[in-house]
Amino acid sequence: METWSWQWLSSLRRMPRPLSRRRQLTTKPHFLAMIDTSVWEAKQMRSLFNLLEFRRLVLNYKPPSHAQDLPRNQKEHRNLPFMRELRYLFALLVGTKRKYVDPSRAVEILKDAFKSNDSQQQDVSEFTHKLLDWLEDAFQMKAEEETDEEKPKNPMVELFYGRFLAVGVLEGKKFENTEMFGQYPLQVNGFKDLHECLEAAMIEGEIESLHSENSGKSGQEHWFTELPPVLTFELSRFEFNQALGRPEKIHNKLEFPQVLYLDRYMLRNREITRIKREEIKRLKDYLTVLQQRLERYLSYGSGPKRFPLVDVLQYALEFASSKPVCTSPIDDIDASSPPSGSVSSQTLPSTTEQQGTPSSELPSTSPASVAAISSRSVIHKPFTQSRIPPDLPMHPAPRHITEEELSVLESCLHRWRTEIENDTRDLQESISRIHRTIELMYSDKSMIQVPYRLHAVLVHEGQANAGHYWAYIFDHHENRWMKYNDIAVTKSSWEELVRDSFGGYRNASAYCLMYINDKAQFLIQEEFNKETGQALVGIETLPPDLRDFVEEDNQRFEKELEEWDTQLAQKALQEKLLASQKLRESESSITAAQAGEPEYLEQPSRSDFSKHLKEETVRLITKASHEHEDKSPETVLQSKPENTTSQPPSTQQVVEVAIPHVGKFMIEAKEGGYDDEIMMTPNMQGIIMAIGKSRNVYDRCGPEAGFFKAIKLEYSRLVKLSQEDTPPETDYRLHHVVVYFIQNEAPKKIIEKTLLEQFGDRNLSFDERCHNIMKVAQAKLEMIKPEEVNLEEYEEWHQDYRKFRETTMYLIIGLEYFQGERYIDSLLFLIYAYQNNKELLSKGQYRGHDEELLSHYRRECLLKLNEQAAELFESGEDREVNNGLIIMNELIVPVLPLLLVDEMEEKDILAVEDMRNRWCSYLGQEMESNLQEKLTDFLPKLLDCSTEIKGFHEPPKLPSYSTHELCERFARIMLSLSRTPADGR
């Protein structure tokens, strides 16, 4: 028995912002997602909601007047609240402006009724029976109040219930009785299409006795006397395996038509149907005889191996026509005594025997040759050693045959072969003709008067105790199929429905078919305004009380939207003002950089330091005689200004530093005061270049003027870098934190403070000019007041940049492992790269890397790992099977909620479906009991559609890395990717 769970998501997915919940004009609202093992009841409700007549009945239902005060009995106490919530639910589906409608309140009322005393959960068909029972009871109460008739009409009964006449013989006694039915159960196992299932369900036991006067046989026939407008078939796709002691799903293929003609099952056509059944039975018996005869032609022989008779005759003809041989097949390779000194036949058995060369034809061999041959190992050459010598016949041939015998034999074999071919063709044509006759047996006009059109198909994928549910429902207004899969509602086709519903493909198959009377147009007919004649749509179709309810809900929703719009407008205004302010500040900073630096950068340094700088400036100006504005950084830095103050040599060391894109320098620094790794970073390279280019200003006007010139040059360079359109392998955000800040519009104060800290780095003290500019920068840093720069905001920006670098390193290592096919190692790095990157991108477009790139490789890594685990499982070896399941349970299953949490990521959802399908495909295969047990334990975890992340690994530890190494590895890995988006970010 198929089981399901009433457990709703303990924590529903966080509702998106109101704008994303707004219903589009061209779309229909749908149910909010529940975990998949209980979502089928929502699919059942949806299929009923799409029947306009059923929808009208529910929406226009009014509870009995006496029930307004106090329900009289348990049925009223249970059914009336359910009908109230069902009406609200349907009303919202009709007229809400929301994108999602939550059915939980209506279904919550039902759930207690679906559990028996021992809390055993009921199956899918039980839900529909209970639902129809409750609807019938609710409408019966209303019908009894409105009429005084003895048996008032119940619209739910008339819509869903039919009647059949059971005619039969029991222990030699005939009987007839009329029975009512709702959902009609059908067995699937052993049948190829829906008509075969129906024929088997309508006839039970030996029916021949029904037409004779005296017989002791028992059996019965069912004949529909009245068909409901909505006819639902339950397909029994589960059976209990006695050997394994558990239910199993039947994955056999079962075809069903879009239009089902039920004339042959109607009581009024009983006589003609019986005649046709007799004729079909006769044809099938004759067909069986023909198929048995054909099989004798196609599988000829009396032994375990059988062959087509036509081929046997052809082989005999080929044998007879072969060139006769006069010797025994072993006579021509009979070994004779080898000559003296030659190698015996026993010495080289494989060579002589496999080549088929007579030993007498072997060349004589000297003792030296024998020794040489013996010392060499025999090399097996399968494609040359088995080659048949050209003088031997290709096939066995007769020893003796005369021309006359051959002529007679060939004539007979040719004639027999032609006769057999004709007989085979005649049998095949007769079989095809009978099949066609059976198919068209009920195609005459009198037997196509009761058409039922397929309205909905409920599909289950998985095994007996776990699986995934979705529904196909025909949109009669748009004349196309729609697929309802969780909260995803998409256009579909008959071809997709056939693939997913017939069975025999990826363990998905229909378990419930809903047909509607094709002539009962009221089922799907829209309502029209009696005065204008125009079709009523949306909220216009609702009765007054529900219209008020929906309008109130829509007003609440509009209020939510207004509040959200107000927040967005305020945020947009703030961002606009901030952007305008940043633009003004940027313009003023550029202007100020030309005539002096802004704000606290313009303020003079501390008096004692300023005095020293002033004296130094005067001295430098009087000694400056040449301008070196156009000199390279190497020349500028290596040409040191004169210094009257002698420096003690004992505490200095000379270091040669090679800085990429700048050059080599001889740097003097105090021991332990210089960090060559920091000097290699791109931001330090830029600062050194800026200081070098500001040498003339430094020499003429002193350190403070040189500092202003250098910081202006460096800032201009970084702005230019942030505006460049770079290829994916070049990301200047990794080179310099200020580029990251500029692209993401960080506050100006934070950018200035960051630049000041870099100019104030102690590693710049390797020569006098850099040392003095470093001191100016440090003095400027000390002058910044706490209220000028928000330190928390400053730290938050730098924390984001550190996370950006960590995310980049996660991505690099993950991709390197992926390219090396180390998918287990790669997965965690790619997962954390994607999650961190997503968090960064939520703050701004340029805070992280290209999300599509990370999503692609995370998805590909999961698919590769899933395939690897499946191959291990297929090996059947205990160790390999366990390793495969460890990969699934510890790596893949915990990650799936991350892919399902965003329903807009269609590629991720499809990847999850592919992984599930891979494992569900094993359900229809034979395997050892221990493997079946492990698969049964594992599949529910894989098929759980909950988006709740139940636990995951700690982030992998990152190795230490320098900026230069980070940029180099990033460029290398991005260049090596076979798939790189146009925008590398």
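Visitor: Which residue forms a salt bridge with Lys 281?

Guide: Asp 285 does, with the closest N and O atoms 3.5 Å apart. A salt bridge here is a side-chain nitrogen of Lys or Arg within 4 Å of a carboxyl oxygen of Asp or Glu. This is a predicted model: local features need pLDDT of at least 70, side-chain atom pairs count only at pLDDT 80 or more, and totals for chains, interfaces and linings use all residues. Residues are numbered from 1 along each chain as its sequence is written, and side-chain values use heavy atoms, with hydrogens and water left out.

Start with the setting of this pair. Lys 281 and Asp 285 are both in helix H9, residues 270–298. Helices (H or I, at least four residues) and strands (E, at least two) are DSSP runs, numbered from the N terminus. The two residues are four apart, so about one helical turn separates them. An α-helix has 3.6 residues a turn, so residues three or four places apart point the same way. Lys 281 is partly exposed, with a relative accessible area of 42%. Asp 285 is partly exposed too, at 42%. The scale is simple: buried means under 20% relative accessible area, exposed over 50%, and partly exposed in between (1.4 Å probe, protein chains only).

Now turn to Asp 500 and Lys 483. Their side chains meet in a salt bridge of 3.9 Å, N to O. Asp 500 lies in helix H15 (residues 494–501) and Lys 483 in strand S14, so the pair ties together parts that are 17 residues apart in sequence. Asp 500 and Lys 483 are both buried.

Next comes Glu 558. Its salt-bridge partner is Lys 97, and their closest N and O atoms are 3.2 Å apart. This pair links distant parts of the chain, 461 residues apart. Glu 558 sits in helix H16 (residues 544–595). Lys 97 sits in the loop between helix H4 (74–95) and strand S2 (100–101). Glu 558 is partly exposed, at 24% relative accessibility. Lys 97 is partly exposed as well, at 37%.

Salt bridges can also join into a network. Here, one such network links Arg 98, Asp 553, Arg 556 and Glu 560. By the rule above, the count comes to 40 salt bridges.
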